[in-house]
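Subject: Structure handover

Hello,

Here is the structure I promised you. Please open it and keep it beside this email while you read my notes.

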Amino acid sequence: MMKNKLSIGLIYVVFAVACLWFALSTENSIGSLLFGFSGAGLVGGLSLIWKYFYWSSPRRKDVYERKLEEEQINLKDEFKESLRNRSGRISYIITLLVVTLSMIIFSIIGSLGILDTNLLVRFLAVLWIFMYVIGIVIYRILLKKYQ
């Protein structure tokens, strides 16, 4: 197992401990957010550290090498690559639709006077435009790269 997994896990744990320390030492409105970051960092970091020691064991060396070989085959498989590309496109389109529907719903809520959603609708509009433009830009970059 690569040593960078261990170092990333340790960085996550240090980040989690720092967030927990700040959350416990200060009394402000972002305390709950810091507790969330500390929980996520601790779980993720300890998971990476456990995986490192689990797969670094000499008894599991053959299993780990087979797993890495299978992973490399799956990454280079053309059919699976095509499926990943297609799923990314479908996810992109669904996200565009969700942002569009959110803009409509928040506009209706704002016009009914339930909430002031003017800033939120503007943000979603800018996000929608950004997503659309970045999709076109990435497509053109990839088209130039592979032609």
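This is a predicted model: local features need pLDDT of at least 70, side-chain atom pairs count only at pLDDT 80 or more; totals for chains, interfaces and linings use all residues.

Glu71 sits in helix H3, which covers residues 61-76. Its relative accessibility is 38%, so Glu71 counts as partly exposed. The cut-offs explain that label: buried means under 20%, and exposed means over 50%.

Next, look at the nonpolar side of things. A nonpolar patch also lies on the surface. Its members are Ile129, Phe130, Tyr132, Val133, Ile134, Val137, Ile138, Ile141, Leu142 and Tyr146. Together they have about 970 Å² of accessible area. Phe130, one of these residues, belongs to helix H5, residues 118-146.

Arg122 is also placed in helix H5. Is Arg122 buried or exposed? Arg122 has a relative accessible area of 53%, so the label is exposed. Now find Ser107. Along the sequence, Arg122 and Ser107 are 15 residues apart. In space, their C-alpha atoms are 9.7 Å apart.

Helix H1 spans residues 3-25 and contains Ala18. Ala18 is partly exposed, because its relative accessible area is 32%. Ala18 and Asn4 are 14 residues apart along the chain. Their C-alpha atoms are separated by 21 Å.

Now the aromatic rings. How many aromatic pairs are there? The count comes to 7. Take Tyr54 and Trp55 as one example. Their ring centres are 5.0 Å apart and their planes stand at 85 degrees, so this pair is edge-to-face. The cut-off for that label is over 60 degrees. Trp55 also pairs with Tyr64. Here the ring centres are 5.6 Å apart and the planes are at 35 degrees, so the pair is tilted.

How well covered are these residues? Tyr54 has 29% relative accessibility, so Tyr54 counts as partly exposed. Trp55 has 16%, so Trp55 counts as buried. Tyr64 is buried too.

Best wishes

Technical notes:
Residues are numbered from 1 along each chain as its sequence is written. Side-chain values use heavy atoms; hydrogens and water are left out. Patches are made of residues with over 30% relative accessible area and no salt bridge: like charges are joined within 9 Å, nonpolar side chains (Val, Leu, Ile, Met, Phe, Trp, Tyr) within 5 Å. Accessible areas come from the Shrake-Rupley method with a 1.4 Å probe; for residues, only the protein chains shown count as cover. A salt bridge is a side-chain nitrogen of Lys or Arg within 4 Å of a carboxyl oxygen of Asp or Glu. Helices (H or I, at least four residues) and strands (E, at least two) are DSSP runs, numbered from the N terminus. Buried means under 20% relative accessible area, exposed over 50%, partly exposed in between (1.4 Å probe, protein chains only). Rings of Phe, Tyr and Trp (its six-membered ring) pair if their centres lie within 6.5 Å; planes under 30 degrees apart count as stacked, over 60 as edge-to-face and the rest as tilted.
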